[in-house]
Each structure stands twice: as C-alpha cells, then as structure tokens.
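The following exercises concern a single protein chain. Each task is followed by a solution in steps.

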Amino acid sequence: WAGKFAGYTQKQIIDDEDIWLDAMHQTYEHFGYPDVCIPAPPGVILFGESLPVNKPGYQLPDDALFQFEEVCNLHEEDYQFILQNGWNAWYFGYMCRIQKPPMTPEQVGAEFMSMGEKCGKVCGAFASWGIVPISGCTFFPLFDQLSLIRSFEEFVMDLYDEPDMIKEILEKNTPAQIAQNIQMMQGNPSKVMHAYAMRSDASVLSPALFDEFSFPYLKQQIIAYH
C-alpha cells in the first residue's frame, strides 16, 4: 500500500529496496511512525517464501499484486533425497529450479547474500527513524516449510500415510537448521528470533497433529535459541 501512497508501482518497490524505503518513509511521515516493523523489503520476502511467485512487471502488469503459486514441488523421491543428503542439499537445488527464469547455484547463492545486505540497509534506515526491527532473524520451521513446498493437501495426506518418514526428516534436519540460525544471529545486535510457524496453528492443524508433528520440533528450536 505504501507504494500506492507514494506513487510507485508494485514492480518498483519489489525490485528496489531504496524505492520501497522512500515509499515507507513518505507513508510514515504522513500517518505516523510505528514502534516496530519487519526489517525486510518486499523483494526479500518474496524470495524467502520458498514458493514460485508471479511478480509485477514480469509475469504480471507493473502495478499488479504478486501471486505465490502453491503447487506440489516436493515428491516421494525428494523425501528420500532429503533423508539421505540433508535438507539444505535438496533445498538449494529446489530454489534454483523455481525461479522465473531458473537460476544457477551461483545466482541463488548471491541472492541469499544480497538478502542479508538489503535487510541490513533496512535496519539502518529504521533505526534512523526510531523504529525497532521486530526481529534479528526469521525462519520457517521445517514442518511448515515442507507443508508449503509439498502443498497443503498432499502434505496433510503424508502425515497420515507416511508419519514416520516425516518425523525422521524433522528429527534429522532440525538440529542443522538451529545451528544455521544461531550462526546468523552471532553478529546481529538484535537477539530476537522470529519463527513463521504459519502451518502449525489451530486454524490449520488439529491439536493431535500439532502435538505429534509440530510442537516437539518447535519446542526444540525455542529452547535452543533461548
């Protein structure tokens, strides 16, 4: 909405974090500054969602809203690959494939590096405006990320058809995600970790499924960060 208010297209604010910051600044100057804000520009959020996305100015008109595509991008053979080689080895290749157009591993690696730089720039701008970043690091618990990439209906069926396989993937890969997130936080002055457990809440999962598949690993992460 800030883009609309400041006279920028959605393409402009997604492609250029400086334009987005100017739009946010104009909006805050008019309506008032918040106490806290997510310290990530739109382009970073779209890339980090881990889903194929149609973007304004590319697949859509310049001022259209972006559209995520939740389709099944994780199959039985992918589960087996993850069990044998680890989540990160599979996820990096997946991120290369879903970009439009597809990216090389070098390009995806550069994009991940750029995400940190852009968020650092946003944090600096927010600090100068008296706004506190709401977190220093954000992540999707693996349960939720699997649900997004596998797609919701297929993933819920997996919880019933292949519960042991899903648990094995979570048990083997959650410690690696914890270590990676702690490493990212080491030099960050903000020690607030933000977990987007968007597929774990009661509007999505039954209490029984939450207790079995989500909570044990979410608890493991929270205790480790604390």
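A residue is called buried under 20% relative accessible area, exposed over 50%, and partly exposed in between, with a 1.4 Å probe and protein chains only. The model is predicted: local features need pLDDT of at least 70, side-chain atom pairs count only at pLDDT 80 or more, and totals for chains, interfaces and linings use all residues. Residues are numbered from 1 along each chain as its sequence is written, and side-chain values use heavy atoms, with hydrogens and water left out.

**Exercise 1.** Determine whether Gln-10 counts as buried or exposed, and list its contacts beyond four places in sequence.

*Solution.* 
Step 1. Gln-10 belongs to helix H2, residues 10–15; helices (H or I, at least four residues) and strands (E, at least two) are DSSP runs, numbered from the N terminus.
Step 2. The relative accessibility of Gln-10 is 9%, so the residue counts as buried.
Step 3. With neighbours within four places in sequence set aside, Gln-10 is in contact (heavy atoms within 4.5 Å) with Lys-4, Pro-56, Asp-62, Asp-63, Ala-64 and Leu-65.

**Exercise 2.** Characterise the salt bridges of Lys-4, Asp-15 and Glu-212.

*Solution.* 
Step 1. Apply the criterion: a side-chain nitrogen of Lys or Arg within 4 Å of a carboxyl oxygen of Asp or Glu. The structure holds nine such bridges.
Step 2. Lys-4 is joined to Asp-63 with an N to O distance of 2.7 Å. This pair links distant parts of the chain, 59 residues apart: Lys-4 is in helix H1 (residues 2–6), and Asp-63 is in the loop between strand E2 (53–54) and strand E3 (67–68). Lys-4 has a relative accessible area of 48% and is therefore partly exposed; Asp-63, at 33%, is also partly exposed.
Step 3. Asp-15 pairs with Lys-11, the closest N and O atoms being 2.8 Å apart. Both residues lie in helix H2, four residues apart, about one turn of the helix.
Step 4. Glu-212 and Lys-167 meet at 2.6 Å, N to O. Here too distant parts of the chain are linked, with Glu-212 in helix H11 and Lys-167 in helix H10, 45 residues apart.
Step 5. A network of salt bridges connects Glu-17, Asp-18 and Lys-121.

**Exercise 3.** Which helix supplies the largest share of the lining of the largest cavity, and which gives the most to that of the largest pocket?

*Solution.* 
Step 1. On a 1 Å grid over the protein atoms alone, a cavity is a set of points where a 1.4 Å probe fits but cannot get out; a pocket is an open set with protein on both sides within 12 Å along at least five of seven lines; lining residues have an atom within 4 Å of a point. Grid points are joined across faces, edges and corners, and a volume is the space filled by probe spheres set on the points.
Step 2. There are two cavities of 30 Å³ or more, and the largest has a volume of about 60 Å³. Its lining includes Phe-143, Thr-174 and Tyr-217. H11 provides the largest share, four residues.
Step 3. The largest pocket has a volume of about 1,400 Å³. Of its 37 lining residues, the closest to the centre are Phe-112, Met-115, Cys-137, Thr-138 and Met-184. H7 gives the most to this lining, with seven residues.
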